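Subject: The structure I promised you

Hi,

Here is the structure for you to look through. Have it open while you read my notes below.

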Amino acid sequence: MTRICLLCFALPLLAAGPPASFSEHTVASDLKGGYQVVAADLNGDGKPDLIALASGMTELVWYENPGWQRHVIATGFSSLINCAVADAPSGPIPDIVVASEFSQQAAHSLGKVSLLRHNGDPRQPWTVQEIDQLPTSHRLRTADIDGSGKRVVINAPLTGAKAVAPDYRDPTPLVFYRPGEWKRQLISDENTGVVHCIYVVDWDGDGRDEILTASFGGIHLFKLGKDGRWSRTEIAKGDPSPWPKSGSGDVAVGRLGATRFLAAIEPWHGNQVSIYRQSGGQWARQVIDDAFVEGHTVLAADLNGDGLDEVVAGFRGRGGSVYIYSADDPAGEHWSRSALDAGMAANACAVADFNADGRPDIACIDAARLKWYENLGAAKPAQQPK
């Protein structure tokens with residue numbers, strides 16, 4: 001592991017607390033090509049359920065909290081790759097937008113985007129309506145881009161339609177759909193090469209969501225201005241290696257008290273977990289782990305309630321594992337690693353409070369399994385003998 005100290009910052013009055021401990025629960029072990037897990041309340045009971053998307057299965061399924069009963073949402077899919085939960089026109093049960101018929105090679109990727117809507121009982125099959133075809137449609141998320149409270153669905157294809165391995169040099173579109181209209185609208189095609197991840201965040205605290213992208217070109221921020229035009233700002237260049245080993249593959253935003261940081265997997269399907277902290281208008285890069293094999297998921301959350309977000313990151317290659325990284329100090333200069341699951345070759349993870357105990361739990365999916373990890377709270381320090 002490589003550790004690089006950053007410049008000192010003014011520190012909030014926080015101290016790193018003892019790490020949280022977790023109890024592992026298996027929800028499913030029969031998936032084929034498990035790729036994405038989404039935590040969402042699909043039956044309107046106030047409890048987050050789990051959607052398990054698997055690229056090698058023809059059906060999209062969900063598991064009902066707390067017994068984790070399996071239900072089929074819809075069938076007939078090929079090469080599922082991503083889904084997002086969207087606000088429904090009425091009622092507490094959401095719609096789902098799903099991307100399928102994906103291939104990493106654009107010439108072979110139809111990129112179907114479909115709207116799934118329940119028929120009164122979310123445990124019964126949902127209606128499927130195709131709304132778009134965009135080659136390599138790959139990442140779907142929702143965002144309140146204009147501060148209206150009405151979230152749109154963001155679609156980030158992996159590459160441009162003419163991209164060819166290994167360089168994938170072609171403009172890569174970033175688009176959105178307004179629920180009800182479901183017409184594709186272009187945000188930008190300024191990114192080039194592989195865009196593996198998008199992250200939605202209110203970056204400037206103005207009540208309007210912005211979009212971070214992680215790509216061969218690094219990490220960029222897309223913002224909708226009040227004039228209706230989108231702007232693109234470079235945040236960081238990511239891994240400085242030559243193209244196509246450059247840039248970032250996944251990104252998430254965390255906080256150490258009042259200070260924001262970025263966590264990234266670099267480069268695409270890369271070996272590095274990187275932390276970015278702002279200094280003098282620039283985002284300084286700190287590699288805290290360089291031993292990943294096909295890194296594929298990263299997120300940030302305050303797992304132990306000390307006001308300092310931990311980083312959860314996983315890789316799916318040889319020795320695939322999920323680790324938790326904790327800042328040893330409020331400045332984020334040093335990080336410690338602990339294993340959440342040393343045998344979970346995770347493609348994706350999500351955070352939610354699954355048992356309503358006020359502590360954030362974690363769910364992860366690999367090719368065959370879906371698990372959730374119950375947060376048992378911060379470990380109590382061992383008592384000293386009297």
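Let's start with a definition: buried means under 20% relative accessible area, exposed means over 50%, and partly exposed is in between (1.4 Å probe, protein chains only). Before the findings, note that this is a predicted model, where local features need pLDDT of at least 70, side-chain atom pairs count only at pLDDT 80 or more, and totals for chains, interfaces and linings use all residues. Residues are numbered from 1 along each chain as its sequence is written, and side-chain values use heavy atoms, with hydrogens and water left out.

Lys 112 has a relative accessible area of 24%, so it counts as partly exposed. You'll find Lys 112 in strand S8, residues 112-117 (strands, E, of at least two residues, are DSSP runs numbered from the N terminus). Which residues does Lys 112 touch, leaving out those up to four places away in sequence? They are Val 98, Ala 99, Ser 100, Glu 101, Glu 130, Asp 132 and Gln 133, where contact means heavy atoms within 4.5 Å. Ser 100 is 12 residues from Lys 112 in sequence, yet their C-alpha atoms are 5.2 Å apart. With Glu 101, Lys 112 makes a side chain to side chain polar contact of 3.4 Å. (A polar contact is a pair of N or O atoms within 3.5 Å; within protein, one must be able to donate a hydrogen and the other to accept it, and residues adjacent in sequence count only if both atoms are side-chain atoms.)

Ser 274, in strand S20 (residues 272-279), counts as buried because its relative accessibility is 0%. Its side chain makes a polar contact with the side chain of Glu 266, at 2.8 Å. Besides Glu 266, Ser 274 touches Leu 262, Ala 263, Ala 264, Arg 285, Gln 286 and Val 287, again not counting residues up to four places away in sequence.

Next, have a look at one of the sheets. Four strands form an open sheet in the order S2-S3-S4-S5, with antiparallel pairing; two strands pair if DSSP finds at least two bridges between them. S2 pairs with S3 (residues 49-54) over six bridges, and Ala 40 has Asp 49 as its bridge partner in S3. Five bridges join S4 (residues 60-64) to S5 (residues 69-74), with Val 61 partnered by Val 72 in S5. S4 and S5 make a hairpin with four residues between them, and Trp 68 in the turn has a positive phi of about 60°.

The largest pocket has a volume of about 860 Å³. Of its 33 lining residues, the closest to the centre are Val 37, Arg 141, Tyr 199, Cys 349 and Ala 350. Which strand gives the most to this lining? That's S2, with six residues. (On a 1 Å grid over the protein atoms alone, a pocket is an open set of points with protein on both sides within 12 Å along at least five of seven lines, and lining residues have an atom within 4 Å of a point. Grid points are joined across faces, edges and corners, and a volume is the space filled by probe spheres set on the points.)

Technical notes: 1 Å grid on protein atoms, 1.4 Å probe; cavity = no way out; pocket = protein on both sides within 12 Å on 5 of 7 lines; lining within 4 Å.
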